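User: I am new to this structure. Please show me how to read its features, step by step.

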Amino acid sequence: MKVLLTGHLGYIGVEAVSVLRQIGHEVVGLDAGFYNECDFAALPDEIPALEVRDFRDVTSDDLAGFDAVVHLAALSNDPLGDLNPSLTYDINLEGSLRLARAAKMAGISRFLFSSSCSLYGAGSDELLDENAAFNPVTPYGESKIRVEQALSELADETFSPTYFRNATAYGLSRRLRADIVVNNLVGHAVTTGKVLLKSDGTPWRPLVHIRDIIAALAAALAAPRQSIHDQAFNIGKSGENYRIRDIANMVAEIVPGSEVAFAEGASPDIRDYRVDFTKAESQLPGFAPAWTLRAGIEELYTAYKETGLTAEEFLGPRYYRLKTVQGLIDRGALDRQLRWVA
Ligand SMILES: NC(=O)c1ccc[n+]([C@@H]2O[C@H](COP(=O)([O-])OP(=O)(O)OC[C@H]3O[C@@H](n4cnc5c(N)ncnc54)[C@H](O)[C@@H]3O)[C@@H](O)[C@H]2O)c1
């Protein structure tokens, strides 16, 4: 298939490029390049990309000839959404809908949208399946819901959107992020000896390795249309819901000499939910999530050790999306709408 991969220069995207090409897809990228100075390791070979770099500007003419769009690009977390909530709606909601309408007009039948379990927000104690009520606690979570709903209205016999409600991701990437809980805790443990908790550690969080997220996307590209048409899938693995303090304890167990510590002013986190992954495991053909948290922590520990990651590097702006974007704004490279200043 000829696949347009938006966000191909981000944390999940750089690894998705390699996997999708390996299984035979022709991959073309689309990315504004906000994190181009944020490599953890050298990127894979450059792939062709659309001339238009911001998906807010895409027209159907740009999309002629593609079979599928895999839409990863976004302001990708809750703190980024707090930078300026209207920007999250402008990019994640309006931009995504513009892209989807252009894709439909260009005759592209598959549109795989990277949504998030954070649309469940503050959940109950039960395992939440795809029919659970939404309860977002941030503009980011709210934007994901509204995109899913609007895409569903576009769904018809010519256009099959699919919504991947990814759990909180972890795992090694050549464009690492340290602002997601597992990567963060392992980094603190390796570079400072403290597994530093910023909340009281009681909230539940579903977790998924980025390679399982990518595997789900790959499975959906190959799946019969009727099994993915206008469907939402929670993406993760049964048994992979953890309390934050249990993640921290596991990190302390794996990283020699580290111990759990609480940041000053650590307080409860209102994002608290457990998720049921059985639908994707049983109804997304070819999808078999493989990673466990323990294996993911071990992978990160080894990589951080091998590269000699220091506390200064780890805690600096490079691996924190909000700090990077704020830095680009402060030095005048990006304007407040996150447009590059020529
Ligand atoms: N990482 C997670 O824990 C997680 C969990 C659930 C869902 N997701 C979703 O998966 C997707 C990818 O996440 P990630 O962790 O790789 O994020 P990331 O921030 O590392 O990458 C996002 C990429 O999108 C690009 N981008 C942002 N705005 C753009 C625009 N207007 N035009 C073109 N490119 C733009 C950025 O330059 C960046 O390379 C996002 O939609 C995110 O919401 C991520």
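User: Which residue in E4 is the bridge partner of Val-70?

Analyst: Keep in mind that this is a predicted model. The partner of Val-70 is Leu-112, which belongs to E4.

User: Which strand do seven bridges join to E4?

Analyst: That strand is E6 (residues 160–166), and it also runs parallel to E4. For an example, take Arg-110, whose bridge partner in E6 is Ser-160.

User: How many residues of strand E4 are buried?

Analyst: Start with the cut-off: a residue is buried when its relative accessible area is under 20%. In E4 (residues 110–116), seven of seven residues are buried. Now look at each face. One side carries Arg-110, Leu-112, Ser-114 and Ser-116. The other carries Phe-111, Phe-113 and Ser-115. Both faces are covered.

User: Now charges. How many salt bridges does the count come to?

Analyst: The general idea is that side chains of opposite charge can pair when their charged atoms come close. Here the count comes to 13 salt bridges. One of them pairs Arg-331 with Glu-37, with the closest N and O atoms 3.0 Å apart. Arg-331 lies in the segment after helix H12 (321–330), and Glu-37 in the loop between strand E2 (26–30) and E3, so this pair ties together parts 294 residues apart in sequence.

User: Are Arg-331 and Glu-37 buried or exposed?

Analyst: Arg-331 is exposed, at 54% relative accessible area. Glu-37 is exposed too, at 55% relative accessibility.

User: Which side chain meets Arg-175 in a salt bridge?

Analyst: Asp-39 does, at 2.7 Å from N to O. Arg-175 sits in the loop between strand E7 (168–170) and helix H5 (181–192), while Asp-39 sits in the loop between E2 and E3, so the pair ties together parts that are 136 residues apart in sequence. Check the accessibility of each partner. Arg-175 is buried, at 2% relative accessibility. Asp-39 is partly exposed, at 25%.

User: Which residues do salt bridges that share partners join into one network?

Analyst: Begin with one pair. The side chains of Arg-56 and Asp-54 meet in a salt bridge, 2.8 Å from N to O. Both of these residues, Arg-56 and Asp-54, are buried. Through shared partners, salt bridges join Asp-54, Arg-56, Asp-57, Asp-90 and Arg-339 into one network.

Key:
Residues are numbered from 1 along each chain as its sequence is written. This is a predicted model: local features need pLDDT of at least 70, side-chain atom pairs count only at pLDDT 80 or more; totals for chains, interfaces and linings use all residues. Side-chain values use heavy atoms; hydrogens and water are left out. Buried means under 20% relative accessible area, exposed over 50%, partly exposed in between (1.4 Å probe, protein chains only). Helices (H or I, at least four residues) and strands (E, at least two) are DSSP runs, numbered from the N terminus. Two strands pair if DSSP finds at least two bridges between them. A salt bridge is a side-chain nitrogen of Lys or Arg within 4 Å of a carboxyl oxygen of Asp or Glu.
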